[in-house]
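My notes follow in the order I made them.

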Amino acid sequence: MQADPDPHEGAEPEVVDVVAAAVLAVPGVHDLHAGVAGEVATYLPGRRVNGIRMREPGCSVHVVLHWGAPVIGTTDAVRDAVRPYVSGPVDITVEDILPPGSTGSATA
């Protein structure tokens, strides 16, 4: 049995996907976080991108940081990484910090 083709394959990435990749590339960021009740997301046809809520203008980004990452420096770096893709304010919320020595996920 052959798997169904990915409907997003070959398609140009959505802005939220580019923003998510930029956030995850920032040193000190472990993961995106969907919020306490999973309320932080951008909904696209057939899927959602957790941890980023696109607004017009701007966006909200919720992250989990690695232990020891400087909070202000890391959130400033996230904001700088996102700014080329989003007009308006970029709000950053640190939802959790990955405990020292942990390799798992701290996300809810």
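Entry 1: I began with Ile-72, which lies in helix H2. Helices here are DSSP runs of H or I with at least four residues, strands are runs of E with at least two, and both are numbered from the N terminus. Is Ile-72 buried or exposed? I found it exposed, with a relative accessible area of 64%. The cut-offs are under 20% for buried and over 50% for exposed, with partly exposed in between (1.4 Å probe, protein chains only).

Ile-72 belongs to a nonpolar surface patch with Trp-67, Val-71, Val-94 and Ile-97, and together they have about 480 Å² of accessible area. H2 and E6 are the elements that give two or more residues to the patch. A patch takes residues with over 30% relative accessible area and no salt bridge; nonpolar side chains (Val, Leu, Ile, Met, Phe, Trp, Tyr) are joined within 5 Å, like charges within 9 Å.

**Entry 2: ground rules.** I noted that this is a predicted model, where local features need pLDDT of at least 70 and side-chain atom pairs count only at pLDDT 80 or more, while totals for chains, interfaces and linings use all residues. Residues are numbered from 1 along each chain as its sequence is written, and side-chain values use heavy atoms, with hydrogens and water left out.

**Entry 3: the whole chain.** I counted 2 helices and 6 strands, in the order α-β-β-β-β-β-α-β from the N terminus. Of the 108 residues, 34% are buried. Among contacts (heavy atoms within 4.5 Å) between residues at least 6 apart in sequence, 66% join residues at least 24 apart.

**Entry 4: the core.** Next I looked up the largest nonpolar core, which has 20 residues. Such a core is a set of buried Ala, Val, Leu, Ile, Met, Phe, Trp, Tyr and Cys residues joined through side-chain atoms within 4.5 Å. Val-23, Val-29, Leu-32, Val-61, Val-63, Val-78 and Val-82 touch the most other members. Two or more residues each come from helix H1 (15-24), strand E1 (29-32), strand E5 (59-66), helix H2 (71-82) and strand E6 (90-98). In soluble globular proteins, nonpolar side chains tend to be buried together.

**Entry 5: Thr-42.** Thr-42 sits in strand E2 (residues 41-44) and is buried at 10% relative accessibility. A polar atom of its side chain lies 3.1 Å from the backbone nitrogen of Met-54. Leaving aside residues up to four places away in sequence, Thr-42 touches several others, including Val-16, Arg-47 and Ile-52.

**Entry 6: salt bridges.** How many salt bridges are there? I get 3, taking a side-chain nitrogen of Lys or Arg within 4 Å of a carboxyl oxygen of Asp or Glu.

- Asp-17 and Arg-47 meet at 2.6 Å, N to O. Asp-17 is in helix H1 and Arg-47 in strand E3 (residues 47-50), so the pair ties together parts 30 residues apart in sequence. Asp-17 is partly exposed at 23%, and Arg-47 is partly exposed at 27%.
- Arg-55 and Asp-91 have their closest N and O atoms 2.8 Å apart. Arg-55 lies in the loop between strand E4 (52-54) and E5, and Asp-91 in strand E6, so this pair ties together parts 36 residues apart in sequence.
- Arg-79 and Asp-76 meet at 3.3 Å, N to O. They are 3 residues apart in helix H2, so about one helical turn separates them.

Technical notes: A polar contact is a pair of N or O atoms within 3.5 Å; within protein, one must be able to donate a hydrogen and the other to accept it, and residues adjacent in sequence count only if both atoms are side-chain atoms. Accessible areas come from the Shrake-Rupley method with a 1.4 Å probe; for residues, only the protein chains shown count as cover.
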